[in-house]
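Here's a quick tour of one protein model, made for someone meeting it now. Have a look at it, then read on.

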Amino acid sequence: MSNTSVIDIAEVYRAAEVLQNVARHPKLIGPTKLSNDAQVYLKPENLQYTGSFKLRGAYYKISQLSEEEKKRGVIACSAGNHAQGVALGATHNGIKSIICLPAGAPISKIEATKALGAEVCLVPGVYDDAYNRALELQKEHGYTLVHPFDDPLVIAGQGTIGLEIITEMPDVDAVIVPVGGGGLISGVAFTIKTIKPNVKVYGVQAQGAPSMVESIKDGQRKRLQSVATIADGIAVKEPGVNTYELCSKYVDEIVTVTDDEVAAAILALIEQQKLVAEGAGAVSVAAAMFNKVPINGKKVVCLVSGGNIDVTSLNRVITRGLVRSGRNASLTVILSDKPGQLSRVCAVIGELGANIMSVEHKRNNASTDIGGCAVDFELETRDAAHIADLRKGLADAGFTVAN
């Protein structure tokens with residue numbers, strides 16, 4: 001199964017036909033102001049049914065099962081988007097679906113999967129335990145396993161996004177795609193390169209989960225010991241056999257972005273485009289915003305792959321994004337502990353156009369003189385240049401900024 005002939009362009013066109021009245025086909029948004037150096041457009045798959053592109057591949061795979069396989073049902077292992085894609089695809093086709101989830105999966109995701117008609121099997125432990133249980137149940141009952149990324153039919157389904165991009169924008173120069181296990185970029189890159197070989201396709205992984213980056217660099221599939229990133233949808237330890245081969249052949253370059261850069265991209269999408277993206281969905285935009293790929297002067301499409309971010313973590317991500325983009329700042333100012341000092345420093349901050357959100361006055365600070373004190377300020381600022389102006393303005397007024 002590891003040679004690239006497992007997928008052909010006719011399969012992608014067949015998938016497009018099957019998905020015609022099933023998937024949404026969100027139009028490109030743009031040009032945006034997400035980059036000063038390139039014309040950046042967005043393919044908003046976060047607006048897809050179930051909130052992610054995963055519906056395409058899962059639905060197409062399920063639609064191609066034999067009558068016998070349909071009678072037996074399907075099984076999958078996922079903590080999120082793939083689970084919902086399989087559940088919707090199976091229910092739509094009148095097929096039983098079982099989704100194995102780690103017992104610690106967010107309740108919202110468990111309930112969303114059930115609401116789409118799947119039977120949920122909670123497995124003690126982590127993702128790997130849930131995956132092993134799915135394999136056991138598959139053997140026991142003859143279910144068909146719908147793999148989240150390493151299945152040729154799933155890859156063909158994801159490739160329909162590539163078709164839509166080049167149909168809508170024939171003169172596109174580059175497409176930037178999130179990469180986890182590699183199913184999405186394999187389908188998109190294969191499709192685009194087959195039809196328009198000159199279009200560049202760039203992949204983006206989280207710095208804390210660079211499994212495909214490491215694999216391509218080493219010339220063989222690598223399994224990471226651990227992964228850690230806010231982009232949980234692409235936190236995959238090892239790429240697939242098919243996806244590794246396809247990426248090696250069709251993808252121009254794969255880069256990484258930090259969690260802070262991802263948070264800044266999520267914030268920019270909310271503020272500028274009114275789009276909610278999950279971490280995995282925003283990595284493509286982060287790569288464009290922070291000049292990770294050579295797109296200067298080019299017409300570029302960033303694929304926003306999903307929008308299923310947990311509401312409880314959104315607040316933390318926005319805060320991180322504000323800090324990364326210079327919109328929030330923490331400054332510690334050392335003062336003489338005498339009347340009027342605090343009002344003087346507040347006046348300087350106000351004159352320089354920053355908004356004080358909180359002040360913490362510390363008299364017993366080991367790093368200050370006996371007659372001094374430290375004051376921690378949380379400030380609302382415009383950007384990094386504004387923060388630099390604040391530091392200079394405070395220093396010019398005779399204050400010591402400790403951090």
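## The largest pocket

A pocket is an open set of points on a 1 Å grid over the protein atoms alone, where a 1.4 Å probe fits, with protein on both sides within 12 Å along at least five of seven lines; lining residues have an atom within 4 Å of a point.

This pocket has a volume of about 1200 Å³, meaning the space filled by probe spheres set on the points, which are joined across faces, edges and corners. Its lining takes in 50 residues, with Tyr127, Asp232, Gly233, Ala235 and Val236 nearest the centre. Helix H6 gives the largest share, 4 residues. Helices are DSSP runs (H or I, at least four residues), numbered from the N terminus.

## The second largest pocket

The second largest pocket holds about 400 Å³ of space. Of its 19 lining residues, Asp232, Asn308, Ile309, Asp310 and Ser313 sit closest to the centre. H13 supplies the largest share, 5 residues. By class, the lining has 6 nonpolar, 7 polar and 6 charged residues.

## About the model

This is a predicted model: local features need pLDDT of at least 70, side-chain atom pairs count only at pLDDT 80 or more, and totals for chains, interfaces and linings use all residues. Residues are numbered from 1 along each chain as its sequence is written, and side-chain values use heavy atoms, leaving out hydrogens and water.

Note on methods: Helices (H or I, at least four residues) and strands (E, at least two) are DSSP runs, numbered from the N terminus. Ala, Val, Leu, Ile, Met, Phe, Trp, Tyr, Cys and Pro count as nonpolar, Asp, Glu, Lys and Arg as charged, and the others, Gly among them, as polar.
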